[in-house]
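Reader: Please take a close look at one helix pair in this structure. I would like the packing described, then whatever bears on it nearby.

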Amino acid sequence: MKVTRALQPIIPLCQRLLPDLRTLPGILNLSSLPNLPGLPGLPSRLAGLSLTLLKATALDLAILAGHLLLYPSGIAQERRAAVRPALSGTPSAGDPPQLPTQAPPPVVLLHGFIDNRSVFVLLRRSLAQHGRHRMESLNYSPLTCDIRTAAELLGRHIEEICERTGSPQVDVVGHSLGGLIARYYVQRLGGDGRVRILVTLGTPHSGTRVAPLANAHPIVRQMRPGSAVIEELSRPAPGCRTHFVSFWSDLDHLMDPLESACVDHPDLLAQNVRVTGIGHLALPVHPAVATGIRQALDTAQTEASPGARTGTRGGLSRAGSQTDGLTVA
């Protein structure tokens with residue numbers, strides 16, 4: 001019984017990597033565990049599982065070590081740019097006349113639980129190298145005890161950015177809890193008028209059951225399935241204008257079940273991207289995920305340009321969702 005209870009947190013992960021699992025001959029009988037079918041070719045599958053988990057775990061540990069070194073640099077809030085940028089594409093003297101094009105919206109980066117803006121160092125560099133020069137991070141305190149309060153803070157921050165830059169909207173990228181805070185702002189506080197696209201990375205949209213001992217923190221309790229916050233996010237949201245793109249990993253040890261990191265709501269315009277081969281900490285760091293984020297932002301920019309179709313995005317209806325895949329291993 002103790003062994004079975006210890007295995008419960010990793011059962012969702014094993015079900016994805018070993019979909020035919022029922023028994024481990026000579027090791028442990030898992031037939032009493034729910035939803036675990038049989039397993040042909042056990043040795044080769046276990047070898048593949050071990051290698052995949054080893055690589056993902058080693059990468060997460062390396063990222064954690066590097067992030068611990070960078071963490072002090074991200075404790076303070078970053079200084080805000082005071083310049084109100086002009087439209088991009090405006091011709092200078094001597095250039096042939098061109099139609100002005102709207103600069104892409106500023107990108108707001110929102111970190112996860114007990115973290116800070118330093119987690120986005122590599123992502124910021126990647127976005128800047130591809131033309132995204134207006135980026136800002138919001139640090140919220142690790143002592144924050146309510147997702148709703150953090151969402152209100154995010155809303156004030158976004159309003160200040162829009163006023164300062166002259167941009168009517170922003171794009172938001174949120175890692176883990178940061179994505180849930182941003183979704184609450186968009187869906188429950190009227191933020192869909194300000195947020196054009198919300199990209200989430202390993203965000204527990206439906207709640208996660210991992211680490212029950214962490215329930216001592218009230219914000220962790222709000223991330224549990226069935227919490228008041230999760231229930232609020234499941235309510236109708238007709239006419240929500242924000243486009244959601246959720247990156248979720250099949251090796252994310254903080255999501256239980258794994259699909260909790262997907263946006264599943266009939267009123268939301270959502271695209272869920274399954275990432276194979278990396279864990280939770282690698283999502284805001286891995287270059288392949290950064291490429292996916294850039295593509296999501298660029299696609300939204302193209303669809304928002306004059307003459308683009310409205311009402312659908314990426315072939316999605318208002319009540320639809322789409323699932324893509326991204327293999328980075």
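Author: What follows covers a helix pair, a further helix and the cysteines. The model is a predicted one.

Start with the pair. Helix α5 spans residues 147-165, and helix α6 spans residues 177-188. They pack at an angle of about 75 degrees. Their axes lie 8 Å apart. Angles of 65 to 115 degrees count as roughly perpendicular, so α5 is roughly perpendicular to α6.

Now the residues that meet. α5 contributes I147, R148, A150, A151, L154, G155, I158 and E159. From α6 come L177, L180, I181, A182, Y184 and Y185.

Next, helix α4, residues 121-129. Here L123, S126 and L127 are buried. Viewed down the axis of α4, the buried residues fall within an arc of 95 degrees, so they line one face of the helix. After α4 comes G131. The phi of G131 is positive, near 95 degrees.

Last, the cysteines. A disulfide is a covalent bond between the sulfur atoms of two cysteines. This structure holds zero disulfides. Two cysteines can still be placed by accessibility. The cut-off for buried is under 20% relative accessible area. C162 has 5% relative accessibility, so C162 counts as buried. C262 has 12% relative accessibility and therefore counts as buried.

Technical notes: Residues are numbered from 1 along each chain as its sequence is written. This is a predicted model: local features need pLDDT of at least 70, side-chain atom pairs count only at pLDDT 80 or more; totals for chains, interfaces and linings use all residues. Side-chain values use heavy atoms; hydrogens and water are left out. Axes are lines fitted to C-alpha atoms, for helices over the stretch in contact, and angles run from 0 to 180 degrees between N-to-C directions. Helices (H or I, at least four residues) and strands (E, at least two) are DSSP runs, numbered from the N terminus. Angles under 35 degrees count as roughly parallel, over 145 as roughly antiparallel, 65 to 115 as roughly perpendicular and the rest as oblique. Contact means heavy atoms within 4.5 Å. Buried means under 20% relative accessible area, exposed over 50%, partly exposed in between (1.4 Å probe, protein chains only). The arc is that of the directions from the helix axis to the C-beta atoms. A disulfide is a pair of cysteine sulfur atoms within 2.5 Å.
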